[in-house]
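Welcome! Try each task before reading its solution.

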Amino acid sequence: MKNFGTLFGYELKKLLKRKLNWVVVLLITGVCIVGVVQAGNSGGFWIEDTDEQGNPVTSVISGQEIRTAKLNAMGTLNGQVMDDAFFQQMLEQVPEFDNPYEMLKYFYHVDSTYLNVHTMVEGLMTDRDTFTAEKFYATNREYTQLYMDASGLSHAEKEYWTEQMEQIETPYVYRHPWPGASELVDYFSILRVVLPVVVAVCLCMIFSEDHRTKADAIVFATQESRAPLYLAKVLAGVTEAALATTFVVGGTVAAHLAVWGVQGFDAHVQFYDSLCPRPITVGQMLLPMLLILALYTFICGAFTMLISALTHNAIIALAIPAVLAELLNQ
């Protein structure tokens with residue numbers, strides 16, 4: 001073990017010097033960045049409407065218009081207490097809509113100020129004259145409780161989440177949530193498939209290459225050298241997986257920040273998901289999800305190294321983790 005640092009450095013250098021690894025990492029990172037940027041301006045809604053003569057017409061709310069509307073809504077209501085006066089002001093400024101198409105046209109073409117708030121309370125405004133802040137908070141609590149009941153939680157788990165919900169202060173002080181939260185969460189489903197493939201490409205040869213070149217026969221000539229070499233390889237593999245994950249996830253997150261800005265991470269998560277019973281912010285919701293994604297990638301990397309060590313076959317070590325990742329994502 002006296003030369004463990006030398007072994008680790010040598011194994012890490014072997015991984016870092018493989019050009020194919022970096023080509024794959026940079027390629028996947030680039031594809032993710034381009035996909036995020038394109039998705040920010042894509043999508044949209046088709047709206048069936050009528051013109052002044054009553055003839056049916058079809059109009060489009062583009063993805064660019066949706067993104068612009070969401071970004072324009074940032075900060076306009078921040079700091080306001082969501083009490084009766086707040087909701088009354090919203091009811092005075094936002095007209096009644098005869099159908100969902102009118103609502104979409106208003107928020108994306110006229111004024112997006114109350115877009116997020118209106119989404120939170122839309123189902124409660126069947127009678128605008130009787131809508132109050134008390135009704136909003138009471139109904140939201142009721143729906144959250146029903147959601148927990150339908151989730152199959154145990155009695156102890158329900159008590160825990162109820163205690164968490166009690167810590168949420170009302171009335172809310174509005175803070176517009178980061179508008180890219182839904183897009184980033186949706187992108188996790190892509191990263192769950194992509195990242196295992198990336199680390200599998202980087203690590204599939206970590207043990208099989210030495211077996212192919214017969215280098216392991218020389219190193220394993222003495223029993224004392226086996227454990228340090230295996231440990232050095234594993235740590236080098238974990239380091240390589242961490243670097244690959246940092247590139248791909250970092251590039252993806254940076255692209256989302258470039259498209260959706262950096263404001264709104266300190267907003268309470270209830271402005272993103274009104275049924276969430278935790279007293280946390282949007283940033284505190286997303287960070288653990290990213291860490292879990294990284295941990296999942298490390299586990300996939302460890303599985304790849306295990307297959308490589310057992311089979312001494314790079315193709316099998318590449319294929320099995322990639323296939324399992326795809327199956328787990330179904």
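A residue is called buried under 20% relative accessible area, exposed over 50%, and partly exposed in between (1.4 Å probe, protein chains only). The model is predicted, so local features need pLDDT of at least 70 and side-chain atom pairs pLDDT 80 or more, while totals for chains, interfaces and linings use all residues. Residues are numbered from 1 along each chain as its sequence is written, and side-chain values use heavy atoms, with hydrogens and water left out.

**Exercise 1.** Find out whether Tyr-106 is buried or exposed, and classify the ring pair that Tyr-106 forms with Phe-107.

*Solution.* Start with accessibility: Tyr-106 has 12%, so this residue is buried. Phe-107, at 3%, is buried as well. Next, recall the rule for rings of Phe, Tyr and Trp (its six-membered ring): they pair if their centres lie within 6.5 Å, and planes under 30 degrees apart are stacked, over 60 edge-to-face, the rest tilted. A search of the whole structure gives 16 such aromatic pairs. One of them joins Trp-22 and Phe-247; the centres are 5.5 Å apart and the planes at 70°, so this pair is edge-to-face. Trp-22 sits in helix H2 (residues 19-40) and Phe-247 in helix H12 (residues 226-260), so the pair ties together parts 225 residues apart in sequence. Now the pair in the task: Tyr-106 and Phe-107 are 5.3 Å centre to centre with 75° between the planes, which is edge-to-face.

**Exercise 2.** Locate the nonpolar patch on the surface and name the helix that gives the most to it.

*Solution.* First, look for the members: Phe-303, Leu-306, Leu-310, Ile-316, Ile-320, Val-323, Leu-324 and Leu-327. Together they have about 690 Å² of accessible area. Then assign helices (DSSP runs of H or I, at least four residues, numbered from the N terminus). Helix H13 (282-311) and helix H14 (314-328) each supply at least two residues, and H14 gives the most, with 5. Phe-303 belongs to H13.

**Exercise 3.** Which residues lie nearest the centre of the largest pocket?

*Solution.* A pocket is an open set of points on a 1 Å grid, where a 1.4 Å probe fits, with protein on both sides within 12 Å along at least five of seven lines; lining residues have an atom within 4 Å of a point. The largest pocket holds about 400 Å³ of space. Of its 16 lining residues, Asn-116, Thr-119, Ser-182, Phe-271 and Tyr-272 are nearest the centre. Finally, H6 provides the largest share of the lining, 4 residues.

Note on methods: Patch = residues over 30% accessible without salt bridge, like charges linked within 9 Å, V, L, I, M, F, W, Y side chains within 5 Å. Areas by Shrake-Rupley, 256 points an atom, 1.4 Å probe, with all protein chains shown as cover. Salt bridge = Lys/Arg side-chain N within 4 Å of Asp/Glu carboxyl O. Points joined across faces, edges and corners; volume = space filled by probe spheres on them.
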